[in-house]
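Student: Please take me through this model one step at a time, beginning with the terms that I will need.

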Amino acid sequence: MQSTTKPRVFSGIQPSGGLHLGNYLGAIRNWVRDQDKYDNIFCIVDLHAITLPQDPRELRENTLDLAAIFLASGINEEQAMFVQSHIAAHAELAWIFECFTPIGWLERMTQFKDRTARQGRERIGAGVLTYPSLMAADIMLYDAKYVPVGEDQRQHLEYTRDIGQRMNQRFGNLLTIPEALIQKAGAEIKGLDDPEKKMSKSLAADAPGHAIFMLDPPDVIRKKLARAQTDAEPAVTFPAGAGVRNLLEIYRTIKGEDWPAVEQEFAGKSYSVLKSAIADAVIEALTPIQRRYREIRADDAALMQQLRRSADRLAPIANTTLRRVQEAVGLR
């Protein structure tokens, strides 16, 4: 079903607030590096974002922010980058998948169980339950071969594979079954304040020192790193504890070094030396991105036109898949 000799990769990020260093090192930087290797589709998944309450104006701003950061980070303008809600086929195919999905599959999802445990079933929208069906539609509309996912999304990708296989078993060779594309270095950057938890936008909302954001100015980056959790030892020793190991993971991923080189560089060094070196590396990586981001956001009309053009190019692919499924289930 592929329309190119390169394997197609579908990648999506929610426009739900600023992107942090974990997003950059675990996802965006890898997308930039590999964009000539794959037939890429980069999606700003704003429909997923509204499973949580959103201020409409902020959601629009966050959507443009995310697009600008993609471009500023090095995603080529020729790449397919679009806003999910600009192609109606995403919601239409998601509904079909929901109708063929046993509700028990969705209720077993870890993220759904976590949300209901924290907020209660009566306080969350139905979209939290059906979120995986929309994610499956996002991926399968474009016959994607690979999906870059972290550990927290593996279960949703397994659902995508399950619903695709169920549809194929019932209706024939209908959908491409995607595979996970797991990145090793930088795939799991942890919080600066708690290296046992993955760096996240939601945790950073309550703990500003939890994450470094891609648009943080240099002085803020240095302050956050200065307060980052380390170990009980007076200097860097190996094997390192979770806090130091997380800082070293940030450093080695940015610098492209392996663990032996990093251990040799910092063994016996004070934490202030370690944190200063990491701050220098992070600031050096983010400064040109921030500069280019400001240039792009200076012309929002041009940015929105680019997103619309990309959606127009991709809509025929998505609509072809949707029609194929609609015909198979009897809707056409």
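Tutor: A nonpolar core is a set of buried Ala, Val, Leu, Ile, Met, Phe, Trp, Tyr and Cys residues joined through side-chain atoms within 4.5 Å, where buried means under 20% relative accessible area, exposed means over 50%, and partly exposed lies in between (1.4 Å probe, protein chains only). This is a predicted model, in which local features need pLDDT of at least 70 and side-chain atom pairs count only at pLDDT 80 or more, while totals for chains, interfaces and linings use all residues. Residues are numbered from 1 along each chain as its sequence is written, and side-chain values use heavy atoms, with hydrogens and water left out.

Student: Which residues touch the most other members of the largest nonpolar core?
Tutor: The largest nonpolar core has 57 residues. Within this core, the residues that touch the most other members are Phe70, Ile250 and Val282.

Student: Where does the largest share of this core come from?
Tutor: Elements are DSSP runs numbered from the N terminus, namely helices (H or I, at least four residues) and strands (E, at least two). The largest share of the core amounts to 12 residues, and these come from α13.

Student: Which residues does Ile250 touch, not counting residues up to four places away in sequence?
Tutor: Contact means heavy atoms within 4.5 Å. On that basis, and leaving out residues up to four places away in sequence, Ile250 touches Leu21, Leu25, Ile189, Leu192, Ile278 and Val282.

Student: How many residues are in the second, separate core?
Tutor: Among the members of this second core are Phe10, Phe97, Phe112 and Ala311. Its count of residues is 42.

Student: Where does α13 bend?
Tutor: Helix α13 runs over residues 271-297 and reaches 37 Å from its first C-alpha to its last, close to the 39 Å expected, where the expected span is 1.5 Å times one less than the number of residues. A bend is the angle between axes fitted to the seven residues ending at a residue and the seven starting there. In α13 this angle is about 30°, with a proline, Pro288, following within four residues, and the bend is at Leu286.

Student: Which elements do the buried residues of α1 pack against?
Tutor: Helix α1 is mostly covered, with 10 of its 13 residues buried, and it bends by about 30° at Ala27. Its buried residues, among them Leu21, Leu25 and Trp31, pack against β1, β2, α3, β4, α11 and α13.

Student: In β2, which residue is the bridge partner of Ser11?
Tutor: Strands count as paired if DSSP finds at least two bridges between them, and 6 bridges join β1 to β2, which run parallel. Strand β1 is also mostly covered, since 5 of its 6 residues are buried, as that term was defined above. The partner of Ser11 in β2 is Phe42.

Student: In β3, which residue does Cys43 stand opposite?
Tutor: β2 and β3 pair in the parallel sense over 4 bridges. Both faces of β3 are covered, with Ala80 and Phe82 buried on one side and Met81 and Val83 buried on the other. Opposite Cys43 stands Phe82.

Student: Is Gln35 buried or exposed?
Tutor: Gln35 lies in the loop between α1 and β2. Leaving aside its neighbours within four places in sequence, it is in contact with Asn40, Gly74, Ile75, Asn76 and Gln79. Because its relative accessibility is 6%, Gln35 counts as buried.

Student: How far is the backbone nitrogen of Asn76 from a polar atom of the side chain of Gln35?
Tutor: A polar contact is a pair of N or O atoms within 3.5 Å; within protein, one must be able to donate a hydrogen and the other to accept it, and residues adjacent in sequence count only if both atoms are side-chain atoms. The backbone oxygen of Val32 lies 3.2 Å from a polar atom of the Gln35 side chain. For the backbone nitrogen of Asn76, the distance is 3.0 Å.

Student: Which residue caps the N-terminal end of α3?
Tutor: Helix α3 is mostly covered, with 13 of its 18 residues buried, and just after α3, Gly74 takes a positive phi of about 120°. At the N-terminal end, a side-chain oxygen lies 3.0 Å from the backbone nitrogen of Arg57, and the capping residue is Asp55.

Student: What is the phi of Asp143 near?
Tutor: Most residues other than glycine have a negative phi, and most peptide bonds are trans. Asp143 is found in the loop between α7 and β4, and at 6% relative accessibility it counts as buried. Its phi is positive, near 50°.
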